[in-house]
Amino acid sequence: MIFLGGLIIGGISSGIMTLMPDNASKPCYLGYYAHCSFTPFSTLILFAMTIIGTILLIKLIKYLKRKHKRAIENKPILKTLIKK
């Protein structure tokens, strides 16, 4: 869970930082001096990393919900406590 959170937050923040104008030795592929000289490509890679992390996080949450639902259904005491 921590890894996926870092993947999502790191991808978003780094992707935005690559687009910012900055002093650099050469212009990026978009024609301006950006924080990263590979700006359009690095931004796409980082945003793709964010999307993959989000998909994995959603799958993990669904798996954990399904796993806990089965555990609650198998124990009648927990089932009655949760219904109240």
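I note that the model is a predicted one, in which local features need pLDDT of at least 70 and side-chain atom pairs count only at pLDDT 80 or more, while totals for chains, interfaces and linings use all residues. Residues are numbered from 1 along each chain as its sequence is written, and side-chain values use heavy atoms, with hydrogens and water left out.

**Entry 1: the chain as a whole.** I read three helices and zero strands in the secondary structure, in the order α-α-α along the sequence; helices (H or I, at least four residues) and strands (E, at least two) are DSSP runs, numbered from the N terminus. Of the 84 residues of the chain, 18% count as buried. The accessible surface of the chain comes to about 6700 Å², and 72% of this surface belongs to carbon and sulfur atoms; the areas come from the Shrake-Rupley method with a 1.4 Å probe, and for residues only the protein chains shown count as cover.

**Entry 2: helix H1.** I checked the length of H1, whose 18 residues should span 26 Å at 1.5 Å a residue, and its end C-alpha atoms are 26 Å apart, which agrees; the expected span is 1.5 Å times one less than the number of residues. I then listed the buried residues of H1, which are Leu4, Leu7, Ile8, Gly11, Gly15 and Thr18. They cover an arc of only 120 degrees around the axis, which puts them on the same side of H1, the arc being that of the directions from the helix axis to the C-beta atoms. An α-helix has 3.6 residues a turn, so residues three or four places apart point the same way. On the other side of H1, I found Ile2 and Ile9 exposed.

**Entry 3: the nonpolar patch.** I found isoleucine 12, a residue of helix H1, again in a nonpolar surface patch of about 600 Å², which is made by Ile12, Ile16, Met17, Leu19, Met20, Leu30 and Phe47. Helix H1 (residues 2-19) gives the most to this patch, with four residues. Patches are made of residues with over 30% relative accessible area and no salt bridge, where like charges are joined within 9 Å and nonpolar side chains (Val, Leu, Ile, Met, Phe, Trp, Tyr) within 5 Å; a salt bridge is a side-chain nitrogen of Lys or Arg within 4 Å of a carboxyl oxygen of Asp or Glu.

Entry 4: I looked at glycine 15 in helix H1, which is buried with a relative accessible area of 0%. Not counting residues up to four places away in sequence, glycine 15 touches Thr43, Leu46 and Phe47, contact meaning heavy atoms within 4.5 Å. Glycine 15 and phenylalanine 47 are 32 residues apart in sequence, yet 6.2 Å apart in space, C-alpha to C-alpha.

**Entry 5: the loop cysteine.** I found cysteine 28 in the loop between H1 and H2, where cysteine 28 counts as buried at 7% relative accessibility. Not counting residues up to four places away in sequence, cysteine 28 touches Ala34, Cys36, Ser37 and Thr39.

Technical notes
Buried < 20%, exposed > 50% of the residue type's maximum accessible area, 1.4 Å probe, protein only.
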